[in-house]
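Subject: Structure handover

Hello,

Here is the structure for you to look through. Please open it first, then read my notes below.

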Amino acid sequence: MGAVGSKQHARVPKVSKLSDVYDDNENSVATRYDTLVSAFKTQFEGEKPKTIARSPGRVNLIGEHIDYEGYSVLPMAIGLDVIVAVSVALKEEGNVEEDEAEATLSIANVDGEKYTPKEFPFDHEQEVDVKSHHWTNYVLCGFKGIFDQLKKQNKLESVLESAFMKRVKKVMVMVDGKVPLGSGLSSSSALNCAVTVALMDAFELSFTKGELSELTCLSERYSGTQSGGMDQAISIMGEKDLAKRIDFNPIGAMDVPLPTNLTFLIGNSCAVSKKAESAHKHYNLRVVECRLAAILMAKHYGEDIEKAKTRVTLREVADLYCNKGDLWTALGAVRKALNEGSYTKKQLENDEGLGDLRKIFDCENNEAFNVVLQKNDTFKLRDRARHVFSEARRVHEFQKICEGQSPRYAVSGPIYEHWCKVIGLVPDVGVASDDPTKDFGHPMYGMGKEDALAKLMHLSHESCKTQYECSCDELDELVDAFMSAGALGARLTGAGWGGCVVAVCESDIAEEILADVKKSFYEKRFQSGVANIADETNLLFKTAPSAGAAILHYDDEKGVIV
Ligand code: GLA
């Protein structure tokens with residue numbers, strides 16, 4: 001069972017009013033759906049959509065790069081989403097020509113010039129061409145994921161043999177996305193999730209939100225990124241007015257009420273983060289480094305080397321050996337188990353006794369890891385592990401503070417207490433250190449809730465920048481711009497290496513901060529052409545927790561009901 005408040009057993013809601021999902025002006029939302037439907041009819045020669053679904057992007061408030069290590073994260077769904085219309089044309093019974101024709105999956109976008117259409121065979125076993133980076137790859141991911149889930153549930157044969165599936169002639173998919181690409185707001189997962197939900201409904205299947213979250217997490221890996229499950233889980237399970245603590249193994253989403261006097265702001269750094277294209281030197285490399293760190297930690301605790309090589313996540317090792325997963329203990333252990341700086345491949349294979357790394361990462365069958373090992377020779381393990389354990393701790397603290405616990409308790413822990421004793425400080429007073437390279441004792445005793453949350457965000461950014469090395473100059477500049485404008489805290493959000501910053505401020509000065517950041521960060525970019533002033537409202541905006549995935553009632557006579 002997941003945490004209390006989890007919604008993983010529920011189904012994606014079928015809504016009949018746009019206001020159940022959107023806060024924006026209903027007329028403009030309705031117009032967008034009308035445009036989707038007319039683009040569908042034009043592209044598919046008068047066919048009407050059978051199902052319409054939507055799934056949103058997300059902003060992660062805290063907990064970066066720890067989902068794939070098994071630790072909880074704290075995102076919220078945003079108002080920007082992907083909407084998808086789907087229809088299934090069936091073969092006419094008794095029509096021999098149609099019976100023999102190969103069924104197809106035809107995919108198009110409302111913005112057909114930028115996102116060109118593509119047609120694939122209706123075959124769930126086809127491979128996703130990871131080298132092409134075409135936008136329809138994510139649609140294929142969603143399509144394949146549905147059949148993987150059926151297989152997992154031992155239903156694949158019976159569904160494929162069903163009268164409905166056998167008669168499929170053509171599956172038609174029309175997409176409209178509002179989540180800016182490469183922005184770190186998870187446009188790819190919003191697309192994958194919206195497509196999966198729409199196809200599920202059009203194929204007359206029904207999965208729970210938990211099943212959908214897990215299947216979309218796995219299916220997105222066909223695109224070439226070995227990502228964790230945060231983006232898909234919040235896109236599916238997000239709710240209006242609530243941030244969520246997303247847990248893994250098993251998946252769950254626990255409500256986290258945010259302080260009502262605070263506003264969250266998003267700013268796009270204008271550095272495009274191409275997650276799939278740069279995965280071998282950024283995202284997937286970090287996944288490899290964390291796994292190597294987990295293996296060496298298990299070895300440090302005396303595990304037989306062959307056993308240690310089966311360890312996958314840092315959490316697995318910390319749960320076994322670090323005082324049942326106590327994060328302060330884990331942070332202490334990192335210093336002993338892992339060397340500072342980088343390890344070379346040779347060092348890991350020979351001196352540490354891991355043998356052929358390609359075998360550990362099953363490179364014969366996993367092209368993503370194969371490329372990482374081909375293109376990199378050095379791996380930083382200590383810094384990556386320190387980031388993961390300290391960030392997991394910050395998520396825990398952030399949630400507790402949101403729930404009303406006093407910040408001074410948020411930093412307690414056996415090692416912290418012990419360390420305070422060693423250096424002669426009273427734990428309740430804390431340790432006056434702002435240095436994020438120190439693992440322990442960022443004191444928040446006596447701090448207000450707002451300042452403490454902001455401080456956690458600040459420490460998270462510093463850790464991403466210095467230990468995980470997933471920031472970039474533009475993100476750091478934007479964080480500074482928000483802070484100089486009077487935000488309480490700011491940090492990169494999402495995978496990093498470009499994309500967006502999330503900042504938090506007192507609600508009454510939100511507009512002032514936006515104006516200030518526009519001046520200090522964006523105006524020069526508008527002038528130089530790095531950013532387009534027409535996109536202003538998508539580059540810098542206020543955000544609030546929004547609804548997750550939904551299926552929209554569609555009636556061809558009345559349209560999507562408003
Ligand atoms: C991407 C991935 C997520 C997560 C974040 C970093 O968005 O898709 O699973 O790992 O990066 O926190």
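C322 counts as buried, because its relative accessibility is 0%. Buried means under 20% relative accessible area, exposed means over 50%, and partly exposed is in between, with a 1.4 Å probe and protein chains only. C322 is in no disulfide. The nearest cysteine sulfur, that of C290, is 15 Å away.

Before you go on, note that this is a predicted model: local features need pLDDT of at least 70, side-chain atom pairs count only at pLDDT 80 or more, and totals for chains, interfaces and linings use all residues. Residues are numbered from 1 along each chain as its sequence is written, and side-chain values use heavy atoms, with hydrogens and water left out.

**Cysteines**

A disulfide is a covalent bond between the sulfur atoms of two cysteines. Here the rule is a pair of cysteine sulfur atoms within 2.5 Å. How many disulfides does that rule give? The count is zero. Take C270 as a case. Its closest cysteine sulfur belongs to C500 and is 8.8 Å away, so the two are too far apart for a bond.

Helices (H or I, at least four residues) and strands (E, at least two) are DSSP runs, numbered from the N terminus. Two strands pair if DSSP finds at least two bridges between them.

Contact means heavy atoms within 4.5 Å.

Now look at β9 (residues 262-268). It pairs with β14 in the antiparallel sense, over four bridges. F264 has T543 in β14 as its bridge partner. N268 is also in strand β9. Is N268 buried or exposed? It counts as buried, because its relative accessibility is 8%. Leaving out residues up to four places away in sequence, N268 touches S183, L478, G499, C500, F521, Y522 and L539.

T537 is in helix α22 (residues 536-539). This residue is exposed, because its relative accessible area is 63%. T537 and G267 are 270 residues apart along the chain, yet their C-alpha atoms are separated by 9.8 Å.

**Strand β3 and its partners**

Strand β3 (residues 74-90) is mostly covered. Of its 17 residues, 15 are buried. Strand β2 (residues 51-62) runs antiparallel to β3, and ten bridges join them. I62 stands opposite L74 in β3. β3 also pairs with strand β6 (residues 168-177), again antiparallel, over nine bridges. There, A89 stands opposite K170 in β6.

**Around the ligand**

How many residues surround the ligand? There are 13, and the closest are E64, H65, D67, D231 and Y283. A residue is near a molecule or strand if one of its heavy atoms lies within 4 Å of it.

- E64: a polar side-chain atom lies 2.7 Å away.
- R58: a side-chain N or O atom is 3.0 Å away.
- G228: a backbone N or O atom lies 3.1 Å away.

**Backbone details in the loops**

N249 and P250 are joined by a cis peptide bond, with omega about 0°. P250 lies in the loop between β7 (243-247) and β8 (252-256).

Two residues other than glycine have positive phi. K324 has phi near 55°. It is found in the loop between α11 (314-321) and α12 (327-337). K324 counts as exposed, because its relative accessibility is 79%. W497 also has a positive phi, of about 55°. Its place is the loop between β12 and β13. W497 counts as buried, because its relative accessibility is 15%.

Best wishes

Terms used: Polar contact = N/O pair within 3.5 Å; in protein donor to acceptor, adjacent residues only side chain to side chain.
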